[in-house]
Amino acid sequence: MEYNTKTMSTKWQFSHDVKNYYPKVLTDEAMTFLTALQEQFNEERGNLLRRRNLQQDSFDTGKFPEFPIETENIRESDWIAAPTPNDLLDRRVEITGPVDRKMIINALNSGAKTFMADFEDSNAPSWSNCIEGQQNLMDANKRTIDFLDTEKNKTYVLNKETAVLLVRPRGLHLNERHILIGNSEMSASLFDFGLYVFHNTKTRMANNTAPYFYLPKLEHYLEARWWNKVFEFAQEYLNVPSRTFKTTVLVETITASHQLDEIIYELKNHIVGLNCGRWDYIFSYIKKFRNHPDFVVPNRDQVTMTSPFMDAYSKLVIQRCHKRGIHAIGGMAAQIPIKNDTSANATAMEKVRLDKEREVKNGHDGTWVAHPALVEIAMNEFNKHMPTPNQLHITRDDVSISSEDLVELPKGTVTEAGVRKNINVGVLYLESWLQGNGAVALYNLMEDAATAEISRTQIWHWLNKEVILEDGRKFNRELFTKIFDEEVEKISTKMTPEKIKNTQFKRAFDLFKELVLSNDFEEFLTIPAYKYI
């Protein structure tokens, strides 16, 4: 594949509100590379996003996704992906978190097999978070990273043995508003990916590894094809061998679960796994079918991995991954230790254990945790039931999943408590995100943007459907306003007027209410919220 970067005519510049320029990260050479990526791939990214809109128009007529007719041969024929590197053959426990300095050190030292450093859902994408995150990863790859906690008078450094590093760039729908190339904001996906590979590829290869990635929120196999071309371009530009970069794709949209073989095929020279991104998957499920008649999803606490459509999706991922020679990684355990309540903590940790036991017995090759304290629990379950590095030998030929199975409506109820929880958690997360924190501990769970997306989407959906609550009341705007105002009052009364001035609660209240009362559904809450950070 030939790309001519010598004919580039586009200029880049900072947007007007950038005050810190980070010259060690945004070098002239790095920015030339980012400009080349944007020139080569941003127009096609726009076409892919417009394709998503057309797809939604089809769903709005009452249609559901199907396994694509045009790719039947890919699904039915025998082929496998390129070999997986040695340091990714055992991924039984993976930890995830944002790219702040202390988090990176603790995660790499956690005892997990891998660490996914996240520029996406657990990272509020302020300019400083994104650029300092790149610097932190450069230091981590050079093993020069350290962190002094002045409050604890403790210095954090890397252990001799650390987890294997993977990086998740932001999704295709997001821009990096602080960088303009020509007159357009840069693709956040290309920005995060490009800076990372430019600064770290040679370092990682010198350490007998390579840049490894997680790709989020893909909705179509053509989006996987786009990423494959980005990988090929970057490898050629950086003069490294083909197939150097490796990636795992998060299956966190309802459309992607109907195109698993196709996504693997498009990335077959680079892909090493699929991951069940369960929270975003539920968000996508509600979002895509929001305008279907008689389509109502119950309280989010009632939608679990044992719900038929979620169980089907998990088992299908295992089956298709193992047929194609790649790993099937399970979902996130978001629990965090509950201090000062031994009984509640034991109950929470048992939930984690049961979740991981179910995943490994189903045939998953690994799983996710959000807190270092959960690594041992998850590791014990996978060690007990998976003596081999992975379970590629478990083919799940007993599984036959139809398109209908993947969209089966979960049973349950909509309650006032569910409404209140969605409002409360949605607002609390949004306020923290606006403060620059993307990973937020709420009610003994480590939440990221996916939880807020489900919360506000369910409220919007229930309002537009005017669902009947379990107690017989109609959930309309009048009832929502009453409950919302009460929840605002609960949050506000916990703080003095002076203290609340130093928060983003006013903006969070207004933005959450605006999103759920709008006649038009906003595809991602992070898009309108982004301008405030």
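The legends below describe close-up views of helix contacts, cavities and pockets in a predicted model. Residues are numbered from 1 along each chain as its sequence is written, and side-chain values use heavy atoms, with hydrogens and water left out. Because the model is predicted, local features need pLDDT of at least 70 and side-chain atom pairs count only at pLDDT 80 or more, while totals for chains, interfaces and linings use all residues.

**View 1. Helix α4 against helix α5.**
Helix α4 (residues 127-141) packs on helix α5 (residues 188-206) at an angle of about 15°, and their axes are 9 Å apart. Helices (H or I, at least four residues) and strands (E, at least two) are DSSP runs, numbered from the N terminus. Axes are lines fitted to C-alpha atoms, for helices over the stretch in contact, and angles run from 0 to 180 degrees between N-to-C directions. α4 and α5 are therefore roughly parallel to each other; angles under 35 degrees count as roughly parallel, over 145 as roughly antiparallel, 65 to 115 as roughly perpendicular and the rest as oblique. On the α4 side, the contact (heavy atoms within 4.5 Å) is made by Trp127, Ile131, Gln134, Leu137, Met138 and Asn141. Residues of α5 in this contact include Phe191, Leu195, Tyr196 and His199. The contact of α4 with α5 has seven nonpolar, five polar and two charged residues. Ala, Val, Leu, Ile, Met, Phe, Trp, Tyr, Cys and Pro count as nonpolar, Asp, Glu, Lys and Arg as charged, and the others, Gly among them, as polar.

**View 2. Helix α13 against helix α14.**
Helix α13 (residues 416-434) and helix α14 (residues 449-465) cross at roughly 135°, with axes that come within 8 Å. α13 and α14 are therefore oblique to each other. Among the contact residues are Gly418, Val419 and Tyr429 of α13, and Ala449, Ser455 and Trp462 of α14.

**View 3. The cavities.**
The whole structure holds two cavities of 30 Å³ or more. On a 1 Å grid over the protein atoms alone, a cavity is a set of points where a 1.4 Å probe fits but cannot get out, and a pocket is an open set with protein on both sides within 12 Å along at least five of seven lines; lining residues have an atom within 4 Å of a point. The largest cavity has a volume of about 120 Å³, a volume being the space filled by probe spheres set on the points, which are joined across faces, edges and corners. Of the 16 residues lining the largest cavity, Glu120, Asp121, Leu174, Ala449 and Thr526 lie nearest its centre. The second largest cavity contains about 60 Å³ of space, and its lining has two nonpolar, two polar and five charged residues.

**View 4. The largest pocket.**
The largest pocket holds about 860 Å³ of space. Its lining has 32 residues, with Trp279, Asp301, Gln335, Lys351 and Leu445 nearest the centre. Helix α10 (342-362) gives the most to the lining of the largest pocket, with eight residues.

**View 5. The second largest pocket.**
The volume of the second largest pocket is about 750 Å³. Gly97, Pro98, Ser122, Gly438 and Ala439 are the closest to its centre of the 46 residues that line the second largest pocket. Helix α4 gives the most to this lining, with six residues.
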